Amino acid sequence: MDVLYSSRPLWAVLVSMIAAFLILATGEKNRNIRESWTIMAAVAKFLIVFSMVPVILQGKVIEYTIVTFYPGLLLQFRIDAFGMLFGVIASSLWIATSFYSIGYVRGLNEHAQTRYFFAFAMCLSSTIGIAFSANLLTFLVFYEILTIATYPLVIHKESKEGIMGGRKYLAYTLTAGCVLLFAIAMIYHMTGTLDFKAGGFMADSGGSSAVLIMLFAMLIFGFGVKAGLMPMHEWLPTAMVAPTPVSALLHAVAVVKAGVFGCLRVILFVFGPGLLHDLGVWLIMAYIASFTIVVAGFLALGQDHLKRRLAFSTINNLAMIILGAALLTKSSMTGGIIHMANHAFMKITLFFCAGALHVKAHKDYVSQLDGIGRQMPLTMGAFAIAAIGLSGIPPMSGFISKWFLCLGALEANQIIFLFVFMTSAMLDVAFFFPIIYNSFFKKPLDDVTPHFDEAPMFMVIPLVITALLSIVFGIVPDAFFRFFSMTSLAVQNILGVG
Amino acid sequence: MAEQFAALIIVVPLIASLFVPVIGWWKKRLCYPWVVAVLIIPLISSLSILNTVMTTGKFSYRLAGWAPPWGIEYVLDHLSAFVLVIVSFISLMVAIYSKKSVQDNLPEKTVPFYTLFLLLVTGLMGIVITGDVFNLFVFLEISALSCYALIAIGEEGAPMAAFNYIIIGTIGACFYLLGIGYLYIATGSLNMADLANILPPLYDSKVILVAFAFFTVGLAVKAGLFPMHTWLPDAYCTAPSAVSALIAPLMTKVAAYVMIRLMFTVFQPHFSIEIVPVFTILGWLAVMAIVWGGIKALAQTDLKRMLVYVVVAEVGYIVIGVSVANRLGLTGAILHIMNDAVMMACLFLVTGAILYKTGTREIHQLSHLNKKMPFTMAAFTITALSMVGIPPACGFFSKWYLILGTIEAGQWFWAAALLCSSLINAVLFFRVIECAYLKPMEPAYAHDGGETIHEEIQRDEAPFTMLVPIVIMAAGVILLGIFSGKIISSVIQFAVPASF
Amino acid sequence: MEVTILVQATDRSFEILEKARERSRQVLDTAARLTSESQAVHRKRVEAIFKGARQTKTEITRFTATFIILFGFWLLLSGHYDLFHISIGVLCCGLVSHATHDLLFANPRAGDMRVIVKRFITYIPWLFYQIVLSNMHVVRLALGPKNLIDPKIIEFKTKLESDISFVTLANSITLTPGTITLDIRDGVFYVHAVSKKTAEDLLTGEMEDRIAHIFMEADHVYVQDTLDIAPVFVELK
Amino acid sequence: MIWQLDLILCLFIIICAIAAINVKDLLAAVIILGAYSFFMCLLWTEMGAVDVAFTEASVGAGVGTVLFIAAVSKTKRRSKD
Amino acid sequence: MLDYVISKYNFWIYIILMMIGLYAMIGKKNLVKKLIGMNIFQSAIILFYVSTGVKAGATVPILSGHGHGHGHEVIEVAKYINPLPHVLMLTAIVVSIATTGVAIATLILIYRKYNTLEEDEILMIRKETGV
Amino acid sequence: MSGVNDMMTKQSDDVIVKTVSRLLIPFMQIYALYVIAHGHYSPGGGFQGGVILGASIILLVITYGLDNALRKMSEKMHIIMCSTGAIIYAGIGVLCLILGGNFLDYAELDQILHVGIAQARSLGILGVEVGVGMTVMAAMISIFLDIVTGGLHSKEKNIQGKRA
Amino acid sequence: MKVIALIAVIMTGTLLIYGAGDMPDWGDPNSPANSYVSPRYILEATEKTATPNIVTAVLADYRSYDTMGETVVVFTAALGCVLMLRKKRNGEGG
């Protein structure tokens, strides 16, 4: 594999960090300048990240070492196809989110905007760091930064619920961080290296299977907390008190995706399909994920708060990604990885819509949405597109990932998981379609005549774009960002070696 | 010239401290600039020594020109040069910081205060630099005596705390002295390097065992390790803020340094590991220190008192690193000496600044502090994150090496204690951060309320002389984290005994 | 004629008497005035002498005396008589005598030093003799068949005046077995005596007289008083 | 070495030490401590450490006792144990 | 056994003294007593050091004769007691008096504040005032 | 001067004590200086001499009262003297440093003293002992005064100064 | 407290008695303490420093740095007392 040494990954990480400090320095006084930093950083970051895509697609790897502590212990960036995929998702969606955030916070006249944008930029910076990290240590470093950078966003409202949510969030993620720290230290002790390797590097560690299983469990616990894997999902719905762009960021792009990304890294790049198959943990993993999928789907049905419903949907979808990876077949992996991208675009659309509803119509509950579609057709249209996509209905991008996932379940000869995917799709339909139906066709409860009153442009444009993109990806999976090529490249790497 | 820097590093602050009464007699105002100016010299010379050591390896300096086993020598190797830099740097920062605090709390005692301040620094540096076990005792006493006096002028309850410290500290120092006596009776030498040569054939002697036991207990008392820590919380908490900012980071660390020095330089590492089971005991004590310190800290509502218990726990960290007795653990311990010194200094400086500005240390009274003192609180937050172990702040890296060390030693419980402690730290510090940054909890959040409240809060930042050290320390926390790899590869890995 | 003469004589005699009375009154007045004046003047002069003595003349002599004594002590202690050590000794003695010259000779009425020392030296054998005597007495008391031990505290007013003589007396009393000085308050000695005989021996005052003799105290007072009254007599004549 | 003298001195030292920490009158305790120091310094003289003995006599038995007496005179004389 | 005890009798003495001192430092409630214990403790250690330097049949480490031009006389090492412990102990004595001085100063501060020197009473007062 | 226990700071009433100490103090002091100066040949040195010197002044304070004692040297001077002693010590060390040797290497002093190396060392020791003596004396007095007056003696001295 | 004290004392005592077992005999001129470093002091101190009192020679020359430290300890104690106790002139009594 060709290795290209370049400092571009570092700049990709740094650009938003620098922007964060510029934002802090600019402060509340000069809003326009402050927000222009955000936009500029977002665009710059995207350009930097995107400029590396062709290199990756040629099968090369970009590397940059920050510092070396010890032999085998270093802070290093290495971009492979899988990391690139996540990097592109995050950086592209940041542009959308920045625009949207500006509209959102100005629309609500939020307090502490500087802190908000600062934390936001830091979040993105660490997400890109996670995406590009070459080894578990680097990963952990950025993972912890992400944890902390998200905290101010979660508690942004400073209400009692917000603070409690923040506490819960910290309790979960920091515990996970500790467990991860231990597990990673253990791995370093056993193997002397922490570098991700397609197909895993733990196979030749020589540890007994009990130790390996324990380590695997710890790592999955550590990353699974952020990914909202079922017994550890509790913080996610509570964190819904955060402002909507934050929720969008949390759920679609940065935080949970980082968790899922970590899980996949562990499954595919640390332990590797072969080893997991030998240990037999893949099946347990798959069962946990299926459990999450089904239970989260049912729980989502019971939620009236729109964002909470979306949160459970997120849990559901993330578990699907993990299940895809856990099935360890080529198609399922492809499905899982591509679903990361697809889900990101669709879910962010949904959250943007929820935010737009909150800003414009001050409506937070599903039951209040009757007839809102006529008032805000663009928003609700986008919502409908994304919801349909998530349910896996063909023209949308969700279909493709679900298709591969189902295929994978068949390949693995595990019919039960096929049923899981099916059930999940049904549940998706069950909790999204009533919203769409009600908003467009049902009369509002109060007799106010709905009139066309769309959310601010800053908010509507991003959400329309993301919705459109999710259609485009459904039709041409390899459009623009080349997600599909990257996915297949990643899967090739994994299976080719392992 | 670099050789003479070694002499300067003690002589300059020493003579300067002797001149403080003269200067103070002439003009009281000049004490502060004098102290600050003087403390720059040890910093420069210790940096140059570190540089020399890094380029040419360790060297020694013969005092009074006599050859080592007969005369006294300074030994400057990587470890001592490294700790010297830490000590001189932090003392300079605290000296800068002390201006307002002293003006405010001890206006009439400026002259003796600064004299003892310099003497304390001198004592600490003398402990670090010397290569003679008895000379170490003398400087231990200089630092201890000045420390007693400085603590005793603190707030309510300080004299009693100081008295307890005197009693327990004297027991510790006397045990150390007794250890020297036992070593001396068995070997006839007092020089560390010389002892290291003579001792190995004597390892099965009971006298050496007893000497080792007394050293360990004495230093554990000085370091405030768990069952011997009882003097520590009261003493550090009641001391004036400039004093506790100096002693909390340095005293226990220097004692830990001496422990490392004795266990791995004077005694061969294999003696400390194989012949005496002391490390197992120490390790468990450290675990208890971590747990107990954490729990007690959770129970405090006073910020400074909370930090004091954190100090107890942090001592446990270093001792765990020492007692796993392998390369990684010891690297972690030495790194943590530095990191913890910087972090603790920063936290105590911030506490002092808060006390100076708001007059309170109660955690729940700190609301809106982020508006009043944004830089101070930012520094506090960074350091707090570092304490929790969030990368890239420095606390993460020492914790990382410590955990690696415990794993390598197969001590799972110790690793678990370290992990638990970072969780406890998270609870501790986020509690403070919540109080400082967020509004007091209200049942519902009013949308329009936000703007109006923070209009009223005036920025009331700590004075410049306080702010500068705080900010430098906070920056240091991050920079030390980022460059910890560099520090380890260029200094610490040579400081760890080669036999690991 | 006779009458006039008589009258004149009487007048004259009256005049004379008047004059004489006048004169005598004047004399008495002057005498009285002179006495009081002279007393004031004299007091001032004495004070001046004392003060001057303290400040100028005796300062130097006292310093020198102290120095000589201390230097003797130094030479006694030091076994090294080379230039270096002697010069150190001179330096040290100079320092100490500068600092303490008012301590060693604090008594302003100090008489002639040489006489005092001579008398003191002669006093010592006598004291020694007394100690031996009373020692034997106490031995007899202790070992004797009859219980003659009759402890009591006696007090007496001393005629001594200066501190140094007080201390000499007190220490002499204490040194002689059987008697112990308990306290001295305003010139009154409180002494614990072990038997009647010792107490009587003490009250004879022989020891006191000898000490007064050493320090030239009792007669010294007389001379001083005479001198004080002298100017009045001169004027009256 | 005259062992009889040694023995008596050691005995005195131990008696003084025990008395010093057990006497309820602090002034007495302090004086006994002075006596202890003094016996100690005799023992050291007997062991040939004249310098140490000299120092102990002036420092321990002298100034140390004075400081202690000063402290007791400034505070309380009675102790409960 | 008896030989063993007698041959090291100085060690036993110093161990006893040290234990007395240590007991007083920890167990006694009166602060002055603690200090007295501290002094006993320290002088016990000094006793230990001094006895390490003793040589049977040797004399004090002061050479007779004059300081200068000593070269031609032969000095017998066994004739003089080991001076090094004495040197160390001079330092230790001074340290001990310095510590005592500082401790007494704190003692007076404590007395000013609490008007007592009994540890349990002080603790009670502190508990009552909530400090 | 409420609260100040006068026992040890006021002039003593007892004639005997006063007179004896008056006569003793000069001899004590000369003995102390002798001990410092002859530390080379006989037991003793800076510490012992300094302590005896300090004890003589403490005796003066106890018998003649604080005011009399402080007339000779103010409490500030004690501290200055204390530091001067240590400065003499360290200064000799630095002098050696300046003369090209290591810190406290008295052998270098023969460049300015023009005597043999052994003699230079001897003189160095003497100088150092003097410094030690000064420090110890001043320190002992200062500690004693602080303890015995509770730190208030400067006040009394001030009144005394105004009256004079 | 008394119990703790007793335990501590007994532990220390046991340790000390244990250690005394391997001590060189009392007054042994050939013990390491008496035969390693100190003979050289006795042999050469007078010659090199012109000081017959070896203790003084070692104190103020060979180990002069220690002695300086010790002087500073005294200085520290004095200043410690000043710092703790000394009050200003117009301070209230007692």
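Visitor: Before we start, what counts as a salt bridge here?
Guide: A salt bridge is a side-chain nitrogen of Lys or Arg within 4 Å of a carboxyl oxygen of Asp or Glu. Do keep in mind that this is a predicted model.

Visitor: Good. How many salt bridges are there between chain G and chain E?
Guide: The count for chain G and chain E is zero. Polar contacts do turn up, though: seven residue pairs across that interface, both partners at pLDDT 80 or more.

Visitor: Which elements of chain G supply at least two residues each to the side touching chain E?
Guide: Those are α1 (2-20), α2 (32-35), α3 (38-49), α4 (54-62) and α5 (64-85) of chain G. α1(G) gives the most, with 10 residues.

Visitor: And what's that side made of, by class?
Guide: On chain G there are 30 nonpolar, nine polar and seven charged residues facing chain E.

Visitor: How much area is buried between those two chains?
Guide: About 4,500 Å² is buried between chain G and chain E, and carbon and sulfur atoms give 76% of that. In chain G, the residues losing the most area to chain E are G:Trp26, G:Ile42 and G:Met84, together 15% of what that side buries. The contact takes 46 residues from chain G and 51 from chain E.

Visitor: Let's switch to chains F and D. How many residues are in contact there?
Guide: 20 residues of chain F are in contact with 14 residues of chain D. The buried area is about 1,400 Å², with 77% from carbon and sulfur atoms.

Visitor: Which three residues of chain F supply more of that area than any other three?
Guide: F:Pro43, F:Gln48 and F:Ile147, which supply 33% of the area that chain F buries against chain D.

Visitor: What about salt bridges and polar contacts in that pair?
Guide: Chain F and chain D have zero salt bridges, and three residue pairs are in polar contact, both at pLDDT 80 or more. The largest share of chain F's side, six residues, comes from α5(F). By class, that side has 14 nonpolar, six polar and no charged residues.

Visitor: New topic: which residues touch the most other members of the largest nonpolar core?
Guide: In that core of 618 residues, they are A:Phe271, A:Phe483, B:Phe113 and D:Trp44. Helix α4 (residues 84-114) of chain E provides the largest share, 21 residues.

Visitor: What does D:Trp44 contact?
Guide: Beyond its neighbours within four places in sequence, D:Trp44 contacts residues of chains D and E, among them D:Val52, D:Glu56, E:Ile46 and E:Ile93.

Terms used:
Residues are numbered from 1 along each chain as its sequence is written. Chains are lettered from A and ligands numbered from 1 in the order in which they are written. This is a predicted model: local features need pLDDT of at least 70, side-chain atom pairs count only at pLDDT 80 or more; totals for chains, interfaces and linings use all residues. Side-chain values use heavy atoms; hydrogens and water are left out. A nonpolar core is a set of buried Ala, Val, Leu, Ile, Met, Phe, Trp, Tyr and Cys residues joined through side-chain atoms within 4.5 Å. Buried means under 20% relative accessible area, exposed over 50%, partly exposed in between (1.4 Å probe, protein chains only). Helices (H or I, at least four residues) and strands (E, at least two) are DSSP runs, numbered from the N terminus. Contact means heavy atoms within 4.5 Å. Buried area is the accessible area (1.4 Å probe) that two parts lose on being put together, summed over both. A polar contact is a pair of N or O atoms within 3.5 Å; within protein, one must be able to donate a hydrogen and the other to accept it, and residues adjacent in sequence count only if both atoms are side-chain atoms. Ala, Val, Leu, Ile, Met, Phe, Trp, Tyr, Cys and Pro count as nonpolar, Asp, Glu, Lys and Arg as charged, and the others, Gly among them, as polar.
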